[in-house]
Amino acid sequence: MNYRGNSAFSHQQADKVGVLLTNLGTPDAPTKAALKPYLKEFLSDPRVVEFPRWLWKIILNGIILNIRPKRSAEAYKTVWTDRGSPLLYHTEDQAAAVQHALTQDLGEHVVVDYAMRYGKPSIQDALDRMMRAGVRKLLVLPLYPQYSASTVGSTFDAIANDFTQRRWLPEFRFISHYHDYDPFISALVNKIERHWETHGRADKLIFSYHGVPLRYLKNGDPYHCECYKTTRLVAERLGLSEHEYMTTFQSRFGREEWLKPYTDETLKALPKQSVKSVQLVCPGFSSDCLETIEEIGEENREYFIENGGERYEYISALNADEEHISALVSLIKDNLAGWTVPEQQAEALATRQREADKVERNTAS
């Protein structure tokens, strides 16, 4: 096997610390042609669809990839911007803001990059860039607050698979979740409170998370529990009573049972229970994307209003909000412990080392 290396490597190159932010992914364009390879990569991941491989390949290639790309392309067209996919540019903005903050706090030896689990920029390309830049210590932060094997676990698989093909491996750390990390909870709480200051409160605050099949929970995946913990911590900080909020799960796919209650069915039923106004927040999404902008912002709004609801508001994701970036930077610095020091301290250590080397040379002569 030919392992990937860096033919331009210099042993005099300064070692750096790398931070890689990852997210789910996006097609290159809102077209059927772009959606087909993206969906094939995504839905071929055994972490995403736990189904007998031989049967799933027949279903995926024979049915789904002949139907879903066109439908998905139409949905993506509604959220596409001059900067492209919202998920992509929000992640890019987050990486740039984190880089700026870490450079100020720790110095230029910390390199921040971002990648998508599916699509571009790929994890392999991002790691290639970081290795060429001299990264010898690598911290990976998947931007999923709650752990699930289908998201965080899949990201680890991609990193590990890449490492099996490299000649020189960096020291490695991996953040698997931050669903109850206090600065993250504070950012969510403050986002909701700022929305209330402008728009007032609704009858009910709904925390909507991306769903997964129920059997994943039964097989030991902690995602369901971590979603409910995030909700509970935010609700407690907001001082909400039990009847003022609830947790639901969206974006189900296929015929098997997924985590309940379902967001769409809940919104259809609430007006009949005298709930005429709702506000939705999606704490499992670090960036706004198709699932928040189109599914929550538009599709589910129609369900609620058509069934008698009167007021529907989506509270946007944290994106590159200052408090979100501050929370991510704090989380990263906690996990870089022992790997790096503030720039001023590093310079002081370097100065002392130079002075010690000078004394040693003078003594030897």
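## A pair of crossing helices

Helix α4 makes a right-handed crossing as it passes α5; a crossing takes that name if the near helix is turned clockwise from the far one by less than a right angle, and is left-handed if the turn is anticlockwise. Helices here are DSSP runs of H or I with at least four residues, strands are runs of E with at least two, and both are numbered from the N terminus. This is a predicted model, in which local features need pLDDT of at least 70 and side-chain atom pairs count only at pLDDT 80 or more, while totals for chains, interfaces and linings use all residues. Residues are numbered from 1 along each chain as its sequence is written, and side-chain values use heavy atoms, with hydrogens and water left out.

Axes are lines fitted to C-alpha atoms, for helices over the stretch in contact, and angles run from 0 to 180 degrees between N-to-C directions. On the α4 side, I123, Q124 and L127 meet T155, A158, I159, D162 and F163 of α5, where contact means heavy atoms within 4.5 Å.

## The sheet and its helices

Next, the sheet: it is open, with four strands in the order β2-β1-β3-β4 and parallel pairing. Two strands pair if DSSP finds at least two bridges between them. β2 (110-119) and β4 (171-174) are the edge strands, each pairing on one side only. From one strand to the next, the twist averages 25 degrees.

Strands β1 (residues 16-26) and β3 (residues 135-142) run parallel and are joined by seven bridges; one to look for pairs L21 with L141 in β3. Helix α1 (residues 32-43) packs on this sheet, touching β1 and β2, with its direction at about 95 degrees to that of β2. Helix α11 (residues 322-335) lies across β1, β3 and β4 and runs at about 135 degrees to β3.

## Cysteines

If you are wondering about disulfides (cysteine sulfur atoms within 2.5 Å of each other), the structure holds zero. For C227, the nearest cysteine sulfur belongs to C225, 9.1 Å away. C227 is buried, at 0% relative accessibility; buried means under 20% relative accessible area, exposed over 50%, and partly exposed in between, using a 1.4 Å probe and protein chains only.

C289 is in no disulfide either, and the nearest cysteine sulfur, that of C282, is 8.2 Å away. With a relative accessible area of 6%, C289 is buried.
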